[in-house]
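Reader: I would like a close look at a single part of this model, the place where two chains meet. Please keep to what can be read from the atoms.

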Amino acid sequence: MKNRNILLCGVGGQGIITMGRLIGTALVDKGVKVRIAEVHGLAQRGGSVNVHVRFGEDVYSPLICKGKAHAVVALELIEATRYLSYLSENGILLVNDALIPPPLPKIKMPTRKEILEEFKRLNVKFCLVDATKIAIKAGSAASTNVAMLGGMLALNLLPLTLQDVRRSVKKTLPSKFHKVNLKALQMGFEEVVKLKKTL
Amino acid sequence: MTKYLLAPSGEEVLLMGNEAIARGMLEAGIGVASAYPGTPSTEIIEALSRVAEKVGIYVEWSTNEKVAIEVAIGASMCGVRAAVAMKHVGVNVASDPLMSLGYSGVEGGLVIVTADDPNAHSSQNEQDNRYYGMHAYIPVFEPLSPSEAKDLTRDLYDLSERYKTAVFLRPTTRVCHVRGNVVLGELKKPERAGVFRRDFSRWVLLPVNSRRLHEEAINRIEKLADSLHEFKYNFLKKGDGSFGVIASGIAYNYAVEALMELGVYDKATVLKLTSTYPLPRRLVKEFFDNVEGKVLVVEELDPIVEWGIKVFAKEEGIENIIHGKDLLPRVRELDTSIVASAIARMLGKNYDINVYYKPTLALPPRPPTLCPGCGHRAAFYELKIASAKAKVKAVYPGDIGCYTLGFFPPYRLVDISFSMGSGLGIGLGIAKASDELVVATIGDSTFFHAGIPALINAVYNTTPILLIVMDNGVTAMTGHQPHPGSGYRATGGTATSLKIENIAKAVGVEFVEVLDPYAVDASVKKIIEAMEYVKKENKPAVIIARRPCALIVYRRKIRRGEKIHVYYVDQDKCTKCGICVNLFACPAIYVEESKYLITPTLCTGCGVCAQICPFKAIGLRG
């Protein structure tokens with residue numbers, strides 16, 4: 001398999017590191033070589049977070065360079081914009097339709113509309129999905145990350161099936177969270193299958 | 001995670017670098033492990049603590065890195081294999097016994113993990129701890145991936161015992177916090193029944209022994225340098241001789257991919273170095289025997305390998321042009337593009353880094369923040385109000401922990417952040433050298449780690465200073481490890497909980513008060529009292545602002561299925577004065593279309609915002 005690079009990003013606390021673990025576990029179970037780079041520490045919540053996911057036979061470096069990500073998967077719109085420079089030419093941006101303002105006094109915030117217009121102006125191939133709404137429907141906003149993972153499968157960003165990821169969810173997360181996450185996974189998948197046509 | 005850590009041999013699992021190192025220690029049969037938590041090293045000992053009872057090893061969180069390494073040295077003196085882990089700056093704290101360890105050598109295998117942090121992702125500096133190896137005559141090994149880190153850790157125990165030397169394992173953030181495929185090996189039954197091996201000639205570093213031990217340490221390193229060409233983690237890939245690359249640790253990954261990207265991998269002669277101090281002399285010689293052209297040394301941070309290689313080349317009469325930090329940065333991390341650019345420059349080729357999407361929209365920064373409900377936020381707010389009410393212009397030395405975030409607006413109450421415990425110590429100097437009122441802040445874990453000697457100094461030298469200990473009961477920033485005040489140990493159970501107020505009183509501080517930062521008015525009053533005491537009496541005062549870490553309390557409530565009683569903004573009463581957002585800045589409170597609102601999923605129900613709202617517009621949701 002040729003090397004694939006996917007950058008996950010969002011706000012600390014959204015479950016981005018867990019997303020990486022779910023993907024990594026599923027890939028390892030399929031015998032795929034994977035390297036996932038995370039950053040921990042400083043503070044547990046609220047900061048800008050990115051996780052580099054790389055897989056394929058010739059993967060050595062754990063880091064994705066700018067302009068080399070086949071896809072950027074963002075759980076928040078500002079962070080999507082922040083990490084857009086990582087996207088390769090004609091790469092895909094899968095982005096959650098959520099705008100989370102940083103808790104800083106007196107800052108100027110871009111609006112949702114401005115961000116989406118910026119994507120269009122730059123000719124980004126993007127898929128906007130309200131994963132938080134899907135997750136709430138599935139039972140908990142905390143499953144937004146897994147709903148996005150469903151969306152990644154719908155866009156064929158990973159050499160994995162829904163079944164592979166279901167197994168990984170069961171292996172990785174505590175059992176009381178299985179039901180809601182499996183539901184969010186399925187619903188996220190189905191929603192993005194629908195949206196895909198507009199991409 | 002525990003189940004993977006103890007999974008049977010032969011299984012291939014996804015492990016984080018730190019977990020892989022922990023597994024390697026278990027495969028080596030360690031009996032004792034100790035550490036003070038610090039990013040990016042924490043998960044090593046954390047992983048071991050979770051399986052300690054099951055596998056029968058002793059694991060502890062020590063009060064600081066000096067004590068941690070001493071515990072490991074003690075175990076090694078009893079012939080037990082021991083592990084100690086710390087972040088790079090932790091080695092500074094441990095460096096005193098470390099230097100003696102370099103002379104004495106070991107009995108039981110001893111691996112010291114120094115987790116370095118190029119790019120200072122969560123550290124005060126980017127120091128390159130390979131210098132410590134050279135300084136202490138302790139060999140340094142750099143793993144490149146979780147998989148290699150596991151095997152290397154295991155094998156280093158054999159090397160440590162064969163040469164009777166402690167060894168440094170030096171992963172960096174991009175090994176510690178990288179997850180990858182790891183094939184598990186056989187777990188080894190730990191040896192814990194140690195017996196102290198009395199040896200005056202090695203363990204007693206009086207001058208009579210030290211002079212001899214110094215020579216022995218140098219001989220040990222020389223002997224190792226002559227054998228490391230056989231160490232399987234160092235290897236040579238031959239090319240066509242036109243050019244060569246020497247790469248160490250994590251940098252090897254970037255070098256290989258860069259060579260592939262440039263389409264010159266086959267041509268390149270590549271020396272992959274895991275032992276960077278001492279260098280494997282014979283393998284380096286063989287490398288140069290196979291390269292006629294230029295050579296690039298690829299390593300992160302300081303040119304330690306490069307210098308070693310250049311000295312070696314000079315001694316051996318090798319005349320290849322050797323590049324390194326002339327083409328590569330000496331600061332921050334490397335990546336494939338940076339290394340590819342350097343190789344291309346050396347070879348006179350072109351290499352462009354293409355960025356296809358460059359947004360021009362101005363984005364707000366998103367620094368890490370104190371969590372909703374965090375007692376530190378309330379304490380900083382109270383300190384700000386108290387300073388204003390008491391009309392004092394103070395200097396605010398801070399320290400290292402979550403509360404360093406008091407640096408960011410709107411609090412701006414961290415004027416200094418240096419190293420563990422230094423806020424108080426530096427504050428003592430400021431108080432003596434100026435007329436400024438000094439109000440230092442420190443966390444509970446940092447107080448135990450390095451704050452106590454400075455506090456004793458303040459009492460002894462009667463220095464007027466107010467110390468506010470922000471006590472949330474755990475070492476929070478690194479992920480809630482217990483400390484001497486927590487009441488439990490690394491492996492759980494119960495432990496004596498040392499009270500900071502008792503320590504302060506015991507060392508002679510006369511003004512000691514405990515406050516609850518959730519009670520705003522009372523806290524402000526106490527802080528003002530303490531400030532007035534310091535100014536009037538010219539003596540130190542200590543305030544302990546105590547509230548358990550909000551994240552722990554919140555998670556516990558969720559786990560127990562307890563309801564979180566959240567607050568809301570009554571729009572009829574809200575005058576949009578902005579105090580809750582612009583002075584308090586809780587992440588749960590936000591402004592949308594000029595309306596002040598609270599995100600119910602973020603609110604932890606601490607109620608501090610309701611107290612600070614001058615218009616009583618924030619209330620409990622029904």
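Which side chain of chain A does E261(B) meet in a salt bridge?

Author: The model is predicted. In it, the side chain of E261(B) meets that of K68(A) in a salt bridge, at 3.1 Å from N to O. Across the interface of chain A and chain B, the rule finds five salt bridges. Polar contacts between the two chains number 19 residue pairs, with both residues at pLDDT 80 or more. On chain A, the elements that give two or more residues to the side touching chain B are α1 (16-29), β2 (34-37), β3 (48-55), α2 (77-82), β5 (87-96) and α3 (112-121). That side of chain A has 30 nonpolar, 17 polar and 20 charged residues.

As for extent, 67 residues of chain A are in contact with 65 residues of chain B. Together the chains bury about 5600 Å², and 61% of this is on carbon and sulfur atoms.

One of the listed elements, β2(A), also pairs with a strand of the other chain: β8 of chain B, residues 178-183, runs antiparallel to β2(A) over three bridges. Within this pairing, R179(B) of β8(B) stands opposite I36(A).

Back on chain B, helix α11 spans residues 250-261 and holds Y254(B). Beyond its neighbours within four places in sequence, Y254(B) is in contact with S61(A), P62(A) and L63(A) from chain A, and with R174(B), E300(B), L334(B), D335(B), T336(B) and V339(B) from chain B. The relative accessible area of Y254(B) is 0%, under the 20% cut-off, so Y254(B) counts as buried.

Note on methods:
Residues numbered from 1 in each chain as written. Chains lettered and ligands numbered in written order. Predicted model: local features only at pLDDT ≥ 70, side-chain atom pairs only at ≥ 80, totals over all residues. Heavy atoms only, no water. Contact = heavy atoms within 4.5 Å. Buried area = accessible area lost by both parts, 1.4 Å probe. Salt bridge = Lys/Arg side-chain N within 4 Å of Asp/Glu carboxyl O. Polar contact = N/O pair within 3.5 Å; in protein donor to acceptor, adjacent residues only side chain to side chain. Helix = DSSP H or I, 4+ residues; strand = E, 2+ residues; numbered from the N terminus. Nonpolar A, V, L, I, M, F, W, Y, C, P; charged D, E, K, R; others polar. Pairing = 2+ DSSP bridges. Buried < 20%, exposed > 50% of the residue type's maximum accessible area, 1.4 Å probe, protein only.
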